[in-house]
2 protein chains.
Amino acid sequence: MTETPALRGVLSPVVTPFTADLSPDIPRWIEHCRWLLSQDCGLAIFGTNSEANSLSAGEREEMLERLVAGGLPPERMMPGTGCCALTDSVRLTRHAVGLGCAGALMLPPFYYKGVSDEGLFRNFAEVIERVGDARLRIYLYHIPPVAQVPISLALIERLLKAYPTAVAGVKDSSGDWSNTRAMLDAFPGFGVFAGNELILLDTLRGGGVGCISATANVNPGPIHQLYEGWQGPEAERMQGEVNELRRFVQGFPMIPALKEIVAHYRHDPAWTPLRPPLVGLAAEERSALLAGLAERGFAMPGLDAARGAA
Amino acid sequence: MTETPALRGVLSPVVTPFTADLSPDIPRWIEHCRWLLSQDCGLAIFGTNSEANSLSAGEREEMLERLVAGGLPPERMMPGTGCCALTDSVRLTRHAVGLGCAGALMLPPFYYKGVSDEGLFRNFAEVIERVGDARLRIYLYHIPPVAQVPISLALIERLLKAYPTAVAGVKDSSGDWSNTRAMLDAFPGFGVFAGNELILLDTLRGGGVGCISATANVNPGPIHQLYEGWQGPEAERMQGEVNELRRFVQGFPMIPALKEIVAHYRHDPAWTPLRPPLVGLAAEERSALLAGLAERGFAMPGLDAARGAA
């Protein structure tokens, strides 16, 4: 049996640039992925903040193939593969495993509401059985504010009992520390990722493995430093600093704000298009966002250098 | 320009049978569609009660092609084509129009919550523009209890102004008569379908065009008689009768209940499988459902005859 190294650390749900006709802009996307890796940030491509649910299964497959063909390491990738349709989830999960991705981040099927844990168990069990690959590592994606369909502790317990190797961890985007705490306490050794960096220190102290955070798209370095230094004397200060930036950015609609930041610090306005139903920031929002970042001395290292040279 | 006759009357979100390995059971599905047509019921295939959101785009395409190839009339079809991903919505809508379907029932993109009417407008506008076919007739699907993303009156007004021909109507599954009433009042001549038969008479009196109802899968004849006789002396009695049955059936989880009813009255247990995350009725629920129908003298004409002959 092939042993897949467990994912740890800071990952970013990589934002997806679109061309003017709203096709995925794959070269720009790969360039951003390379920069994230240079900042010690793993690639949780096809997450909520990637607008992955606005992409077809075929688009996601083509993007992932191009990313791996571009030489980026699949052992640093955790693509989102959970869809409403069982057949789509199986297809994308099989594809990701086949390309050597270290993990797959799986939303529950999210159209039908009020579904039972039994039904959700069967969904994940069918995916695991149909993919049928010993390398598969699923990370359950708990994001009730968006998906509306939760991943309960009871469901995790049942899945872990049935598939102790394939069910490798969870991303908790509930925004509720008491829930993350309960996951950490209930399942020692399980790969619990915080859904953002605000609780990274608490998560690591509780035995978790890292965070998968939207703002890691733009602030990966300091979040990684916190991850590395969590047991050191500067941990609380570093947590405070990443939190201050996070709280400022999350005062804006997150996905358009991230794209505006990337566009600005790359000097590349082609980064801003979004697929409907998302829309861009209003001009005043954009100004306030960029002014606030400038006041904070915010930087995206490597991109700033290019900017200075321009 | 080809003129598409406007859809009217009673339509059923056709339940989708699955084989033991959870593939769409296309022959059984076509047989049920034929029976519905024999009961004067149109085919709103790929609706919520069709488990359409548990089917991939490719599965939906194959099913629709087989249905049309089977000789069933596309002018009686309103397939669901609204997906989370713009590219999937365009693909399925183009496919349905190409096969001559009279309408397309479009969910809003439903993953991201709290999106703006501007973003939803752009979604529908992109689909209409990209399909670019004068035959296209979109029916907007308002089902906030499930999709969580509503179709507001302001959005309808804006879409109608921009695309007065392509935007042909709405299905209101809010379960809120005051909302249906507001749609009828605001947009005279617009194709407003009630989301179930409980308010069919009120909807027709208010200028609406019919209903698209889960329970039309099993009780299409009486609902059609109400539609035909809405101005006659028996209308209130007929409304009361269909309501009594509807209220009984909706006391059970709807999709598994419909499949149990079809299975029972067809003497065909192969009708019951569901795709996860949905699960079947518990044994007690099933017994209570079938006993209640027997007490009411419930029948599925044409299928009962086959049963009596068996």
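These legends walk you through several close-up views of a predicted model.

**View 1. Where chain B meets chain A.** Let's start with the place where the two chains touch: 43 residues of chain B are in contact with 43 residues of chain A. Together the chains bury an area of about 3,200 Å² between them, and carbon and sulfur atoms give 64% of that area. Look for B:Tyr111, B:Tyr112 and B:Pro277, which supply 25% of the area that chain B buries against chain A. That is more than any other three residues.

**View 2. Salt bridges and polar contacts between the chains.** How many salt bridges does the rule find across the interface of chain B and chain A? The count is 0. Polar contacts tell another story, with 16 residue pairs found across this interface, both partners at pLDDT 80 or more. On the side of chain B that touches chain A, the elements giving two or more residues are α3 (86-98), α4 (117-131) and α5 (144-147) of chain B. Which of them gives the most? Helix α4(B) does, with 7 residues. Sorted by class, this side of chain B has 23 nonpolar, 10 polar and 10 charged residues.

View 3. Side chains of opposite charge can pair when their charged atoms come close. Over all chains, the rule counts 36 salt bridges, and here you can see one that joins the side chains of A:Glu59 and A:Arg275, with 2.8 Å from N to O. Find A:Glu59 in helix α2 (residues 57-69) of chain A, then A:Arg275 in the loop between α11 (254-266) and α12 (283-295) of chain A. The two residues are 216 residues apart, so this pair links distant parts of the chain.

**View 4. A salt bridge within one helix.** This time both partners sit in helix α7 (residues 177-186) of chain A. The side chains of A:Arg181 and A:Asp185 meet in a salt bridge of 3.1 Å, N to O. Because they are 4 residues apart in the helix, about one helical turn separates A:Arg181 from A:Asp185. A:Arg181 counts as partly exposed, at 33% relative accessibility. A:Asp185 is also partly exposed, at 48%.

**View 5. A loop tied to a helix in chain B.** Here the side chains of B:Asp268 and B:Arg28 form a salt bridge, 2.6 Å from N to O. B:Asp268 belongs to the loop between α11 (254-266) and α12 (283-295) of chain B, while B:Arg28 belongs to helix α1 (residues 26-38) of chain B, so the pair ties together parts that are 240 residues apart in sequence. B:Asp268 counts as buried at 16% relative accessibility, whereas B:Arg28 is partly exposed at 25%. Over in chain A, salt bridges that share partners join A:Asp25, A:Arg28 and A:Asp268 into one network.

**View 6. The surroundings of A:Gln239.** Our last stop is A:Gln239, in helix α10 (residues 235-249) of chain A. This residue is buried, with a relative accessible area of 7%. What does its side chain make a polar contact with? The partner is the side chain of A:Asn243, at 2.6 Å. Leaving aside neighbours within four places in sequence, A:Gln239 is in contact with A:Glu197, A:Leu198, A:Ile199, A:Leu200, A:Leu201 and A:Leu226.

Definitions and conventions: Residues are numbered from 1 along each chain as its sequence is written. Chains are lettered from A and ligands numbered from 1 in the order in which they are written. This is a predicted model: local features need pLDDT of at least 70, side-chain atom pairs count only at pLDDT 80 or more; totals for chains, interfaces and linings use all residues. Side-chain values use heavy atoms; hydrogens and water are left out. Contact means heavy atoms within 4.5 Å. Buried area is the accessible area (1.4 Å probe) that two parts lose on being put together, summed over both. A salt bridge is a side-chain nitrogen of Lys or Arg within 4 Å of a carboxyl oxygen of Asp or Glu. A polar contact is a pair of N or O atoms within 3.5 Å; within protein, one must be able to donate a hydrogen and the other to accept it, and residues adjacent in sequence count only if both atoms are side-chain atoms. Ala, Val, Leu, Ile, Met, Phe, Trp, Tyr, Cys and Pro count as nonpolar, Asp, Glu, Lys and Arg as charged, and the others, Gly among them, as polar. Buried means under 20% relative accessible area, exposed over 50%, partly exposed in between (1.4 Å probe, protein chains only).
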